[in-house]
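Reader: I am new to this structure. How should I read its domains, contacts and helix pairs?

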Amino acid sequence: MAAEAIERYTADVIILGAGGAGLRAALAIAMRQPAARIALISKVYPMRSHTVAAEGGAAGVTQSHDSLDAHFHDTVSGGDWLCEQDVVAYFVEHAHEELVQLEHWGCPWSRTGDGRAAVRAFGGMAIERTWFAADRTGFHMLHTLFQTSIRYPSIQRFDEHFCVDLVIDDGRVQGVLAVEIASGEFRLIAAKALIIATGGAGRVFRDNTNGGIVTGDGMALAYRHGVPLRDMEFVQYHPTCMPGTGLLFTEACRGEGGFLLNSEGYRYLQDYGLGPASAEPRNKAMELGPRDRLSQAFWHESRKGRTLHGPHGEYVHLDLRHLGERKLRERLPQIRELALTYLGIDPARAPVPVLPAVHYTMGGILADGRTAAPLAGLYSAGECSSVGIHGANRLGSNSLTELLVFGKVAGEQALAFAQGVGHGAPARLGALAEASRAAALEPLQRTGSGERLATLRNELTRTMQEGCGIYRSAPSLEATCARLAQLRQAWHGAQLDDRSRSWNTEWLALLELGFQLDVAQAMAHAALARRESRGAHQRLDAGCTERDDALFLKHSLAYHDPAGGPPRIEWSPVTITRSAPGTRVYGAAAERAGVTLHA
Amino acid sequence: MSGAPAVRRPYYRRMGRWWQRDPFFRRYMWREATALAVLAYALVLTLGIVCLALGEAAWQVWLAALRSPASLALHAALLAAMVLHTKTWFEIMPKTMPMIFVGERRLAATTITRCGWAAAAIATLALLALAAGWRP
Amino acid sequence: MPEPARAAARSITLEVLRYRPEIEAAPVWQSYVVPFSEDLSVLQALQHVKDELDGSLSFRWSCRMAICGSCGMMIDGRPRLACQTFLRELLPGPVRLEALAHWPIQRDLVIDASGFIAGLERIKPYLIPRQPRPLAAGEYRQSPHELELFEPYSACINCLLCYAACPQFGLDPGFTGPGLLALLHRYNADSRDGGRAQRMAAVNAEHGVWSCTAVGYCSEVCPKAVDPAHAVNQNKVNSAIDYLRHLLAPRGAPP
C-alpha cells in the first residue's frame, strides 16, 4: 500500500482519554498555564466516556463528626492493606476540595434542605461522606467537566481518534499515533509529556457492567513499552447487576436501604460475618458491606443451592419494595427506569433479579504518588492507573473522587515535566510512526482463513470469567493462561469482513482485542503468582485461601514480554505509614471495633 | 487540512415531503393549518364590519350570505378547526411558560393544559348564554 | 399482538440503511435475519449482525444503559436509542433502521455530528460566576427548589434524538436546535450563574429560539425527559423581553 503522508500535530502535553480523569487533567493544565498547548485525544466524544455510567457518588470527608483519619482507615482496610498509605493520605486530604471545585463548575449535586451538598451512605464507609447527583453522579461529573473544558481554547480536542501506539524515543514519551475514525487517516501528535487516562478493562470478562469502549487500551499501550502493570489480579465484582446484560444497579440502592434476598427470601449476608440483619441500613454492615465480600457471599449461596434460576443463569433478589415509589423516584430514578425498561419490573412492586458482574480494575499502569510512570514523560490517572489508593479492593465512591484528585495531579506534573524538556527530532518520530502505522494496518491486509473477531473475543471473556473470576485456583488460572496464549496466536490470523477505512469499527475492535489480550494475560498471570487470598483476589486451592502478609504484603508487577511470551511477574513493597495490617471486620464486629477506637 | 479526503463523503438526505414521514408531523401540520381557519373567520367578521359601515342594505346582504348553505358548511368546518386550534394551543401553552410551583410541587404541564381548556369552555358557554339572551 | 404470533416469532428481519462512502454512491437497504428473544434490544440485534453475519456494518454504541448517548438511530421511522428499544416492541417486523434523520450520514448508522460539537462551543455551556469564589468558601448554597429549576435540563445526554425529531433543523442545519438551546437554558436557569447576558446573543440570533416553530416532537422523543421544547419556548418570552429592554433603554442594556 502506498504510504500517504502522516498528518502531524504538536502539543506540550497529550492527554489520552477524555473521561473524568483526562478532562480534569486538561483543566488543571489550562488553568495553571494558559499558554501550554494540550492535545486531548479520545476514541469517543468526551461525553460518551465511561465515567458517564457511574451512578452512586464521590467520597470526601464532609460532615463535622467525620474525619480524614476515618476515610483513610476505611480505604486502607477496605483495600485489605495493599494500599499505598501515603497516597491514600494525600487522596483523603484533597477529596473534599475537589468536590467543591466541581460544584463551582456547576455540577448539580443533590442538596440538603438548607442548600448544602448532601451526602449518602456507601458500602465500606463508616460515615456518610458520598456526594451524589441523584443516581447519575458520573454523568453529571463528566458533563460538567466536559462543558467546563470548552471554556479553554488551549485544549485542542481530537474527538473520535483511536490511539494505536505511543511514540517513544530517547528514553521518553514523545507523542502518539492515532487514527481519525471517520477517515481512517493516521495522525502523529508529538508532545513532551503524555497522560494516559483511558479507564479500565472490564470488557475482558463476559459478565461486566462496563461500556463497550472499556478495553484497557491505555494500559496495554504503556505495558507494551515496558511499563509494568501493577496489582492486575484485583478485579472488582459489583454484587448487584442485571442478569444477561450486566448493567449496574448502583450501590446507592443498598445505601438507601435495599435488601439482598436468596431463594428463600432470607437476607443471607448475615451468614457471612456481615450481620446482624437490621431493618435500617447500618454503615459497613449487611448490604453496606464491601463489594468483594458481597460478591463472594453470592458464590457461596450458589454452592448451597440457595440462588434463583433464570434464562441468564443464577441470581438473587434486590428488594427495594419497602422504600416505596416516592423515594425510588426521588433518590433512585435511573434504577427505577432501568428495571422498568430492561426487565419490565417495577422495583416498588417486585424484587429485582441481580448477580455479581465485573465492574472495576483495581490495578493498572504503575504510577508513583504523583502519577508518574517509570518512563520519562508518562503519567496516568483514573481507572487505568495504579496510583495505589484501592489496594486489593476499591471502596465504592472512591474512584469518582480519584479521577478528580489524581487527574489534577497528573495534569500539573505532566505540565511541569513538559516545561523542562524540548521536543524530539521530527525525522526520528516520523520513522517510528511509520512503523507503528504499518503494524496497525496489517490486519486490513491479511489473507487466509482465520477466526472471526467475535469468536476470539467470546472465547477471551469466557476463559477469563471461568478461570479468573470471583474465586480462582491454580488449575483454573493455568487453564486460562494457556488459553490466552492460544488466543494471542489466533489473533494474528483473525480475519476481517471490512477492509475499508472510514468508520471501520471491525478493524478497531480487532486492535482493541489485542489490547484486551495483553491486559487479560497480566491479570491471569498475576493472579496465578499471588498464592494467597486478599480482597477481591480469592483462591480456593490449598495453602492459598488465607491472606499471607509474610509473603504477599506486596504489589505484583506484570512486565510485558516483547517476544510474545507470558508476562514476567515481579513484586514491590507496600508503603505502610500508620495502619498496620489487621483484620477486615464488618457488621457487629466493626461496630465493636469502632467503640474501642473511640473509647 | 488540505481538502476533505475521499472517504469523508457525508451523505445528505433530502427533506422533501417531510411532514408525511411521521404521524406527529402530520398532526403538527394540521395544527398549524388551523391558524388559517382563525384568519378566515377574522376575514368573515371584518367583512361584516365593512358591510355595517356601508349601511343597512350591505349589512342585510352580509346577513343573508351568512345563512346560505355554503356559509353554514364553511362555519361548521371553521368551528371544527377552531376546536382543534383551541385544543392544541393549550397543549403547547405549558411549553411557553416558566416552571410554576404550588408550594413545593411543580405544576404539571397537563394541569396547565386542562385549566386552559376549562377556561376556553367556560368562556364559550358564557358567550353562548349571552347570545341566547341570558344576563348576569 | 396476539400471544400465539408472539410465541411463533423465532427470528426477525432487520432492514438497515447502509452507506459506505468508499463503496456506495448513495445509501441502500440491506436485510439481515436475527434470532428473536423477548429481552433482545435493537442494539444487541445489531451486535449479533456485526459479530455473526456481517462485520462491516458500522454503528456507534458504548454504555448499553441509555446514558452515554451514542446509539441514537431511526427505528421504524422514529428517533430512539437502540439500547433501550426492544425487538418485542417492534413485532412482527421487519424493523427498519436508519441513521438519525436530519444529520449527514458518515457511514451506515453513523452520523456526522460535528455540527453539534461546533454549536456546543458557541453557547457557553459552563458556569460563568458573578464573582470569583475561592474554594475555601465551600460550595454555593443552592436550595433543592433552585436545583429543580435547572436540573431537568441538565439531564441531556447529547444523544441528538431531538434534532432528528426537529424538521426546522432538517430544513436549516444552521438552527442551534433543541438540545443546545436546552443546555443553554440549563446554565441561564442556574442560581449560581451570572452569564445570562453573554448567552442571550445566541438565544436572540436568527438561528436561536426564533427558528423554532414549536413542533414539540423533540420533547416527545427525548429519552431523559429533558423537555427541550419547554426550554426553547420559555426563552422566546425571555428573548422578547430582552428585545423590549434594548428598545426602551439601549444604554441600560447589558453588554
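Author: Start with a term. Domain bounds come from an automatic or database domain assignment. Keep in mind that this is a predicted model.

Reader: Into which domains is chain C divided?

Author: Chain C has domain 1, residues 3-111, and domain 2, residues 114-248. Their C-alpha centres are 31 Å apart.

Reader: How many residues does each domain of chain C bring to the contact?

Author: Two residues count as in contact if their C-beta atoms lie within 7 Å. By that rule, domain 1 of chain C gives 14 residues and domain 2 of chain C gives 13 residues.

Reader: Which elements give two or more residues to the domain 1 side?

Author: Look at strand S3 (72-75) and strand S4 (78-81) of chain C. The largest share of that side is from S4(C), with 4 residues. By class, the side of domain 1 of chain C that touches domain 2 of chain C holds 8 nonpolar, 4 polar and 2 charged residues.

Reader: Now chain A. Into which domains is it divided?

Author: Domain 1 of chain A is written in pieces: 7-55 + 137-236 + 360-431. Domain 2 of chain A covers 238-357, and domain 3 of chain A covers 441-573.

Reader: What separates the centres of domain 2 and domain 3 of chain A?

Author: Taken over C-alpha atoms, 30 Å. In their contact, 5 residues of domain 2 of chain A meet 5 residues of domain 3 of chain A. On the domain 2 side, helix H7 (residues 291-303) of chain A supplies the largest share, 4 residues. That side of domain 2 of chain A has 2 nonpolar, 2 polar and 1 charged residues.

Reader: Let me move to contacts between chains. How many residues of chain C are in contact with chain A?

Author: Count both sides. Chain C brings 45 residues, and chain A brings 46 residues. On the side of chain C, helix H2 (42-53), S6, helix H3 (114-122) and H4 each supply at least two residues. H3(C) gives the largest share of that side, 3 residues. The side of chain C that touches chain A is made of 17 nonpolar, 13 polar and 15 charged residues.

Reader: How many residues do chain C and chain B give to their contact?

Author: Chain C gives 27 residues and chain B gives 18 residues. Several elements of chain C supply at least two residues each to this side: strand S6 (105-107), helix H4 (144-150), helix H6 (167-171), helix H9 (217-221) and helix H10 (228-248). The largest share, 6 residues, is from H10(C). The side of chain C that touches chain B has 14 nonpolar, 7 polar and 6 charged residues.

Reader: One pair of helices next. At what angle do the axes of H7 and H8 of chain C cross?

Author: Take the angle and the approach together. The axes of helix H7 (residues 178-188) and helix H8 (residues 196-204) of chain C cross at roughly 160 degrees and come within 10 Å.

Reader: Are H7(C) and H8(C) roughly parallel or roughly antiparallel?

Author: Angles over 145 degrees count as roughly antiparallel. H7(C) and H8(C) are therefore roughly antiparallel to each other. The crossing of H7(C) past H8(C) is left-handed.

Reader: Which residues meet in this pair?

Author: From H7(C), find Leu184(C), Tyr187(C) and Asn188(C). They meet Arg196(C), Arg199(C), Ala202(C) and Val203(C) in H8(C). The contact of H7(C) with H8(C) includes 4 nonpolar, 1 polar and 2 charged residues.

Key:
Residues numbered from 1 in each chain as written. Chains lettered and ligands numbered in written order. Predicted model: local features only at pLDDT ≥ 70, side-chain atom pairs only at ≥ 80, totals over all residues. Nonpolar A, V, L, I, M, F, W, Y, C, P; charged D, E, K, R; others polar. Axes fitted to C-alpha atoms, helices over the stretch in contact; angles between N-to-C directions. Parallel < 35°, antiparallel > 145°, perpendicular 65-115°, else oblique. Left-handed = near helix turned anticlockwise from the far one by under 90°.
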